[in-house]
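Student: I'd like to learn how to read the charged pairs in a protein model. Could you walk me through one?

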Amino acid sequence: MTVSEESRPPALDVRLRPDAGDVVLDAAGDLDQTTGPLLSAAVESVLDAPAVPGKLVVDMSRVAFCDSGGLNALIRAHLRAREAGSELHLLRPTAPVAALLRRTGVDQVLLVGADPAAAFTQESMPGFA
């Protein structure tokens, strides 16, 4: 028996993780054109809450793959967070994702870090306004 395409789980899983004072979305799987809307929906649900967090962290430590569609979803999430009065932080991207962020220069726009307690600074980030 084969599993049909419709019954397969999405290639990206995004879950809200309670954290001390921050809102953290744990992402696992592939972030691409097909799965980007899953990340966007999770970001929207956090930012549509009555209390918008000052910082929205996306833990990328289990994202194995990211393409231009995934980058687009991250940039849209960044813009939406700014619009809501929040900051998007990417935490611990895997080596392939970090390499893509560097190659495309997106790491110069988005706040990317390896330690959730480390201070992300906005001054050196040109950002998308």
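**Reading salt bridges and a buried threonine**

Tutor: Let's start with a pair: Arg80 forms a salt bridge with Glu83, and their closest N and O atoms are 3.5 Å apart. Keep in mind that this is a predicted model, where local features need pLDDT of at least 70, side-chain atom pairs count only at pLDDT 80 or more, and totals for chains, interfaces and linings use all residues. Residues are numbered from 1 along each chain as its sequence is written, and side-chain values use heavy atoms, with hydrogens and water left out.

Student: What counts as a salt bridge?

Tutor: The general idea is that side chains of opposite charge can pair when their charged atoms come close. The rule here asks for a side-chain nitrogen of Lys or Arg within 4 Å of a carboxyl oxygen of Asp or Glu.

Student: Where do Arg80 and Glu83 sit relative to each other in helix H2?

Tutor: They are separated by about one helical turn, because they are three residues apart in helix H2 (residues 68–83). Helices (H or I, at least four residues) and strands (E, at least two) are DSSP runs, numbered from the N terminus.

Student: Is Arg80 buried or exposed?

Tutor: Buried means under 20% relative accessible area, exposed over 50%, and partly exposed in between (1.4 Å probe, protein chains only). Arg80 has 17% relative accessibility, so it counts as buried, whereas Glu83 is exposed at 63%.

Student: How many salt bridges are there by this rule?

Tutor: The count comes to seven. One of them joins Arg17 to Asp59, with the closest N and O atoms 3.1 Å apart. That pair links distant parts of the chain: Arg17 is in strand E1 (residues 12–18) and Asp59 in strand E3 (residues 55–66), 42 residues apart. Arg17 is partly exposed at 26%, while Asp59 is buried at 5%.

Student: Which residues are linked in a network of salt bridges?

Tutor: Arg17, Asp26, Asp59 and Arg92 are.

Student: Which residues does Thr35 touch?

Tutor: Contact means heavy atoms within 4.5 Å. Not counting residues up to four places away in sequence, Thr35 touches Ala11, Leu12 and Asp30. The side chain of Thr35 also reaches the backbone oxygen of Asp30 at 2.7 Å.

Definitions and conventions
A polar contact is a pair of N or O atoms within 3.5 Å; within protein, one must be able to donate a hydrogen and the other to accept it, and residues adjacent in sequence count only if both atoms are side-chain atoms.
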